[in-house]
Amino acid sequence: MTTGRGTTPGTGPATGARPTAPPAPRPARARPADRRAPGRAAPWVRLPGAGPRPADGGSTTAHDLTVRHRLLLALSALLALSLFVSYQGVHGDANPLRTSTAPAVLSLDTALYALGQAERDAGAPAPTSDFQKQISVAAQSLSAAAADDDVGGPAGRQALQTIAGLITVYAVKVQKSQLQPDGSLMREAYRSYATSILTEKGTGIQDRLKALQRQQRAAVHRQTSFGPLLWLAWSVTLLLALALWAALLETQLFLRRRFRRRYNRQLLAALVLSTAGVATAVLFTVWTQRGMADTRQLLDSPLPGRLIPVAGRDTASYLAHTGFRASAAVWILIGGVLLMALAETGLRRHIDDYRFRPR
């Protein structure tokens with residue numbers, strides 16, 4: 001068979017064949033749910049220890065899960081530690097104030113008032129039961145104050161022992177003066193000596209007691225103060241709480257978008273636990289700090305004798321339940337461990353799925 005003119009064998013179109021149409025373009029491949037478009041990663045997902053980020057177009061789910069897992073564990077631990085320190089900064093002084101410092105202030109007030117009353121009765125022409133009664137009240141009040149080892153430290157305890165001895169000497173001199181004839185020189189001498197023991201400037205019983213009072217009131221101010229360090233600690237705690245809540249919500253949305261899971265029970269439980277824990281700690285702190293501030297205002301100045309028992313009852317009322325609230329600090333640490341456990345179990349299954357996924 002011969003070929004037609006102008007054609008080359010095997011290269012020309014066959015006689016009667018139709019021209020072929022150009023191939024149809026292929027549809028664009030849909031990007032999988034666990035792939036991201038090339039671009040810059042968000043700065044907050046670049047955590048130390050999260051491993052290298054996959055190349056552009058590769059799966060980022062395993063990396064994103066690891067980042068969120070580490071972030072939730074770190075925020076949970078930091079929040080528990082910060083909340084514990086902030087909580088203890090307030091409640092750590094509430095119980096000593098209730099059991100030690102405030103009663104010591106009231107005991108010193110009682111002793112001063114009783115000695116003032118005893119000095120008034122010391123001018124009686126004969127020994128009276130009222131004088132002995134006021135001396136007994138002053139001695140018992142000093143014993144109650146001395147029972148607290150924190151009153152002024154070793155120097156304070158030594159001062160209380162000295163004052164107790166001076167009160168004994170004062171009572172003896174007053175009794176001797178009352179046994180002397182009215183208007184006698186010995187009576188006046190004993191009486192003058194007793195008065196100097198009580199009222200001598202700097203070394204008398206009253207000035208010694210007032211010096212201890214100033215020390216105890218300074219301790220009350222120190223224990224009830226909510227200073228700049230506490231404000232800073234609580235500000236950091238609330239910022240960490242907000243960061244943890246935002247991270248939990250974002251992780252929940254991430255899991256819902258990637259794995260089509262509507263809710264993650266562990267993450268929601270962590271959100272409820274952290275919110276309830278922080279709210280309870282803040283509420284307990286407000287109650288305790290308000291009671292401590294009321295106590296400071298009540299004890300800020302010497303009280304008249306008739307108001308001292310009332311002040312004692314009011315102080316007990318202001319500082320009621322502070323011991324229970326202070327003991328709740330250990331639950332903050334337990335709550336931190338639970339938060340970390342919930343964050344771990346909430347993401348561990350998904351992390352393991354990607355870690356052991358066959359290639």
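Both Arg-217 and Asp-109 are buried, where buried stands for under 20% relative accessible area, exposed for over 50%, and partly exposed for what lies in between, with a 1.4 Å probe and protein chains only. The side chains of these two residues, Arg-217 and Asp-109, meet in a salt bridge with 3.2 Å from N to O, a salt bridge being a side-chain nitrogen of Lys or Arg within 4 Å of a carboxyl oxygen of Asp or Glu. This pair links distant parts of the chain, since Arg-217 is in helix H6 (residues 205-224) and Asp-109 in helix H2 (residues 94-121), 108 residues apart.

The model is a predicted one, in which local features need pLDDT of at least 70 and side-chain atom pairs count only at pLDDT 80 or more, while totals for chains, interfaces and linings use all residues. Residues are numbered from 1 along each chain as its sequence is written, and side-chain values use heavy atoms, with hydrogens and water left out.

**The chain as a whole**

Of the 359 residues in the chain, 38% are buried.

**Salt bridges**

Side chains of opposite charge can pair when their charged atoms come close.

| Pair | N to O distance |
|---|---|
| Arg-68 and Glu-250 | 2.8 Å |
| Arg-217 and Asp-109 | 3.2 Å |
| Arg-191 and Glu-119 | 3.2 Å |

Arg-68 forms its salt bridge with Glu-250. The pair links distant parts of the chain, with Arg-68 in helix H1 and Glu-250 in helix H7, 182 residues apart. Arg-68 is buried, at a relative accessible area of 3%, whereas Glu-250 is partly exposed, at 25%.

Arg-191 and Glu-119 meet through their side chains in a salt bridge. This pair, too, links distant parts of the chain, with Arg-191 in helix H5 (residues 185-199) and Glu-119 in helix H2, 72 residues apart. Arg-191 is buried, and Glu-119 is buried as well.

**The largest pocket**

Rolling a probe the size of a water molecule over the atoms shows where empty space is left. The largest pocket has a volume of about 350 Å³. A pocket is an open set of points on a 1 Å grid over the protein atoms alone, with protein on both sides within 12 Å along at least five of seven lines, whereas a cavity is a set of points where a 1.4 Å probe fits but cannot get out; lining residues have an atom within 4 Å of a point. Grid points are joined across faces, edges and corners, and the volume is the space filled by probe spheres set on the points.

The lining of the largest pocket consists of 22 residues, of which Leu-83, Gly-277, Trp-331, Ile-332 and Gly-335 lie nearest its centre. At least two lining residues come from each of helix H1 (61-91), helix H8 (265-299), helix H10 (322-327) and helix H11 (329-355). By type, the lining of the largest pocket divides into 15 nonpolar residues, 7 polar and no charged; here Ala, Val, Leu, Ile, Met, Phe, Trp, Tyr, Cys and Pro count as nonpolar, Asp, Glu, Lys and Arg as charged, and the others, Gly among them, as polar.

**A nonpolar patch on the surface**

Leu-238, Val-282, Leu-283, Val-286 and Trp-287 form a nonpolar patch on the surface, with about 400 Å² of accessible area together. Helix H8 gives the most to the nonpolar patch, with 4 residues. Leu-238 is found in helix H7 (residues 228-259) and is partly exposed, with a relative accessible area of 41%. Patches are made of residues with over 30% relative accessible area and no salt bridge, like charges being joined within 9 Å and nonpolar side chains (Val, Leu, Ile, Met, Phe, Trp, Tyr) within 5 Å; the areas come from the Shrake-Rupley method with a 1.4 Å probe, and for residues only the protein chains shown count as cover.

**Contacts across the sequence**

Leu-248, found in helix H7, is buried at a relative accessible area of 4%, and its C-alpha atom is separated by 7.3 Å from that of Leu-72, 176 residues apart along the chain. Ala-328 is found in the loop between H10 and H11 and counts as buried at 18% relative accessibility.
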